[in-house]
Amino acid sequence: MSWRATRAAQRQSAWLLAMGCVLALCLSLCGQSPSAYAEVAPAVSASAPASPSAAAPATANAEPAMARLTHGLGPVADGQALPERDRPPGALPGDNGPSPAIFPSQELTIRFDHRRHVKDLKLTCTTCHEKARSSRNSADSLLPKGTRCDACHGSDHRNTLQVRPHPTERKGQCAYCHLGYSSSAGNQVARLSLPKPNLRFDHALHVTRNIGCAQCHGALENLELATRDQLPRMRGCLNCHQAPDPAAGRARAECRTCHLTDPSGMIKVSFASGPLSPPNWLHDAGHGPDWIERHKVVAGNDSRFCANCHTEKSCADCHDGRVRPRRIHPNDWLSMHSVPARENQQKCASCHRDQSFCLSCHQRVGITMSGPLANLAGRGRFHPSKSEWTDGPRTPRHHAWEAERNISACVSCHVERDCAICHATAAMGGRGAGFPAGPGQGTDPHPLGFRSRCASALRQNARPCLVCHTPDDPNLLDCR
Amino acid sequence: MAGKLTRTLLNGLALGVGLGAASEARAFQSEVDATLDAQFYSLQSPYGSPLLQRRRYTQTLALNLYDIQADRRPLGPTLSFKSRLRLDADFGQRPEERNPDSSSYIPGLVEAPVDVMYAYLEGSRYLDGYLGFRLGRQYVVDSLGFWSFDGVEAMITTPAYLALEAYVGFEQRGGLPMLSTSRFEAGGVSRGDRSGLGFGQSPSFLQESKLAPAYGFALESSGVHFLHSRFTYRKVINRDAVLVSPFLDNGGGLTYALGDRTSSERLGYSLRADKSDLGAVLGSIVYDLYNRRVSQYNAGLDWFASDRAVIGAGVDYFLPTFDGDSIFNWFTHRGTTSGTLRADLAFSRQFELAASGGVRMFSTEGDPHSYLTSPDLNQSGRTFDYLGTFGGRYRFWDGSLALNTMAEAGEVGHRYGGDLTGRKQFDGGYYDTLAVLSLYDWEDALRPERSATSFSYVLGGAIAPNFLSFSRGRLGVEWEHTMNHLVGQRFRMLATLNFSVLR
């Protein structure tokens with residue numbers, strides 16, 4: 001087969017592979033299992049604050065007499081927005097409720113009007129939620145039992161297997177409170193789901209500190225149905241939780257004061273209801289798509305904050321890693337890396353050390369001046385021609401500009417000797433049989449203003465000075 | 001010596017595992033975590049030869065013990081031990097590359113080095129919560145960078161919203177018989193193990209490593225969530241004997257510098273202040289006391305436009321600095337300054353976008369374009385790179401789709417390209433699949449023949465069985481295929497195995 005035909009066949013096979021890859025990607029992403037959708041759907045609908053319109057379908061099969069009931073189906077009647085002042089402290093407009101990782105989605109199948117009970121009937125929160133005073137565990141259910149309603153509604157919930165509605169009173173009928181109830185269902189009502197939150201919380205402790213319900217849950221007396229939106233926000237918690245670790249009291253700012261931890265003390269970040277990650281406003285540490293590019297500022301400022309969720313391994317996997325992280329080094333990085341290394345070597349330096357990482361590999365493939373002779377033999381020139389790069393006048397292609405732009409890129413291939421051959425003073429340069437041509441030209445590589453700093457450097461470490469200058473060099477004596 | 005230490009450490013780990021297995025009789029929890037990564041690929045010199053066959057095998061083994069202290073109280077003192085040992089082998093190396101008498105000898109190349117990534121005893125909340133400490137090999141992460149040392153660190157947290165941290169020990173350096181790597185040393189000097197090399201034997205630039213004392217302190221705020229500030233100082237001292245000149249002296253000998261010398265001495269300060277309904281200010285600055293120059297600074301301003309949108313601006317400056325023994329500090333002229341604007345938008349908890357754009361500026365003493373006619377070093381020359389990124393992420397119930405694109409263009413060349421990454425799990429996470437499509441185009445202005453357009457794809461799969469309720473495991477394989485005119489077809493195979501037991 002001719003060379004041209006081989007190339008064409010290679011190109012064709014490459015395109016076929018590419019197309020196959022696209023197809024595989026589409027198939028894998030589009031082919032969700034039905035069970036996955038079944039689990040997703042309620043979570044999405046219930047993660048948003050409940051509204052009358054959202055609850056409306058549930059009333060479609062209700063008893064005809066109850067179909068006119070419009071209160072208690074959402075936070076505000078007629079689907080109006082709940083005033084921001086009535087939401088929990090720390091809630092932001094349009095935040096769609098607290099994190100589902102902490103407070104998983106709920107299914108509310110009860111019609112209830114808090115305003116009617118608190119404002120009109122003068123009931124207190126603990127009339128119904130009496131366990132809130134004594135609860136010490138966030139997993140406790142603080143919802144009142146049906147028997148709590150019986151006194152006023154005339155129903156009888158003592159035997160939940162055979163609940164009896166009031167014989168005549170409208171407000172004592174099952175469908176008055178239970179959404180979607182149909183008399184043909186007998187004793188069956190729609191299941192109410194309030195999953196336990198994924199955090200530590202001690203209601204009793206907060207009650208003893210005189211922290212009222214509204215301080216965490218907002219003005220429930222002004223709204224009808226309480227939804228997930230009335231659950232506390234971390235921003236609200238942090239109004240009080242600002243004390244350092246050893247401070248008296250327990251309102252500490254430590255994450256693990258409230259968040260669940262595993263045996264190692266790390267915050268649990270993976271829940272069935274979703275992953276837990278910091279919101280944008282918390283330490284400016286939102287883990288958005290660009291987080292990997294900007295995390296250094298946050299981690300460099302407060303690495304202990306990161307250590308609440310991440311172990312050393314999280315850092316070391318990249319910063320001291322041995323497997324190429326594809327998100328940082330995509331595609332054919334081995335061929336591409338020379339461009340970013342010259343453009344922005346500081347990024348390289350955050351994980352790689354010039355001498356031990358870069359130089360070692362460059363020596364193995366012969367991209368050095370001082371590498372193994374076997375790799376240098378017969379090799380071409382890496383840089384532009386010598387007349388342009390080193391010998392000639394300082395045109396824009398002279399190596400001096402490249403070195404000023406990014407000396408680290410030079411160091412990833414060159415050792416001191418390569419530079420000292422020319423930059424050392426005549427008295428020091430290029431002596432020895434190995435380098436007979438070393439002229440020791442003393443070409444001054446120092447930046448402007450160096451003289452004002454050299455005395456301190458010489459005092460702290462004279463070694464680099466003595467590479468190029470003899471101890472009695474007048475330039476060196478000036479720095480003493 | 002290193003082998004003996006390795007055996008001792010492995011024996012210690014085995015003992016630890018044994019203790020962990022008996023943890024039912026004790027209060028503490030033990031965790032053993034093992035990872036294994038095997039990579040197979042080829043790497044060709046730009047000159048065509050040599051061709052390196054990489055047969056890399058990396059294994060880490062971690063042993064962690066939690067709650068070692070006698071009693072266990074909520075918010076009471078805790079004592080734990082954390083360690084991770086690593087074997088990083090490349091069985092594709094040629095033996096002559098490690099033979100000092102061969103013309104292919106690569107200084108410092110080791111076939112299967114073993115290092116202790118970290119191993120420390122950690123106590124926290126002692127003395128009524130005031131005292132914390134760490135003893136052993138540990139990392140320090142702050143504005144001075146990602147660094148490691150062997151020694152002791154103590155931290156005092158006060159109720160006055162301040163914490164004081166101090167540490168002393170030896171910098172982790174390569175070539176020491178202490179199962180260490182050179183990752184954390186300042187650059188510019190080649191250090192390593194010269195055993196087997198004669199005095200002055202080439203390559204003379206490989207210096208023998210010696211213990212490098214290091215100490216530092218930090219003062220930082222504590223307990224205030226809307227403000228964090230850290231002031232830090234660190235000094236590292238060289239004690240090794242280092243060649244003064246790379247050339248033989250008049251007598252044909254070599255001169256060495258001895259005694260304590262500054263390796264690095266730096267001050268750093270960082271600050272973050274935020275108001276959750278408004279925005280945040282972040283910044284840090286590093287001053288190199290040896291070079292007497294600001295070596296880094298960055299500052300950012302972020303506006304939390306809504307709960308779902310962040311608009312930000314930042315500036316970043318970097319000046320390369322090196323070990324005090326290195327001459328390269330005196331070749332460093334001016335730093336690189338970057339300015340960027342960014343936007344982060346979360347349309348829902350599932351769908352997020354991020355974009356950024358900016359410019360990076362290099363500055364030279366003298367203008368390269370007019371230097372020949374006007375050789376004035378006080379006249380600055382400036383060159384610019386233009387930067388842009390765009391990324392998006394969509395997370396669904398059991399998978400995600402992510403797009404990451406970038407563009408950088410300037411005098412050195414350009415890079416344009418992006419990756420599309422899809423992940424999907426099946427059977428509740430038992431099976432995990434991965435597909436990546438990647439297309440990049442780059443131009444190397446200095447070496448135009450090294451410019452290319454490259455397409456690459458990755459296909460991967462993994463299973464994650466839970467053998468027992470207290471264990472986790474994951475076995476994965478990835479196949480990477482790259483096509484461009486520089487390498488033709490390159491294949492890379494990556495196999496990973498993770499196993500973790502917590503009891």
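Among contacts in chain B between residues at least 6 apart in sequence, 49% link residues at least 24 apart. Two residues are in contact here if their C-beta atoms, placed from the backbone, lie within 7 Å. The model is predicted: local features need pLDDT of at least 70, side-chain atom pairs count only at pLDDT 80 or more, and totals for chains, interfaces and linings use all residues. Residues are numbered from 1 along each chain as its sequence is written, and chains are lettered from A in the order in which they are written.

Chain B holds 2 helices and 26 strands. These are DSSP runs numbered from the N terminus (helices: H or I, at least four residues; strands: E, at least two). The C-alpha trace of chain B spans about 80 × 65 × 55 Å along its principal axes. Of the 503 residues of chain B, 39% are buried. A buried residue has 20 or more other C-beta atoms within 10 Å of its own, an exposed one 12 or fewer, and a partly exposed one a count in between.

The contact between the chains takes 120 residues from chain A and 153 residues from chain B. On the chain A side, helix 1 (residues 3-30) gives the most, with 9 residues.

The largest nonpolar core has 30 residues. Such a core is a set of buried Ala, Val, Leu, Ile, Met, Phe, Trp, Tyr and Cys residues joined through C-beta atoms within 7 Å. B:V116, B:Y118, B:Y139 and B:W147 touch the most other members. Elements giving two or more residues include helix 11 (291-301) of chain A and strand 5 (131-142) of chain B. Strand 4 of chain B provides the largest share, 5 residues. Beyond four places in sequence, B:Y118 contacts A:E312 and B:Y139, among others. Another core, of 20 residues, lies apart from the largest one; among its members are A:A403, A:A409, A:C410 and B:W330.

B:I311 is found in strand 17 (residues 309-318) of chain B. B:I311 counts as partly exposed because it has 15 C-beta neighbours inside 10 Å. Not counting residues up to four places away in sequence, B:I311 touches B:W303, B:A305 and B:A343. B:A160 is 151 residues from B:I311 in sequence and 34 Å away in space, C-alpha to C-alpha.
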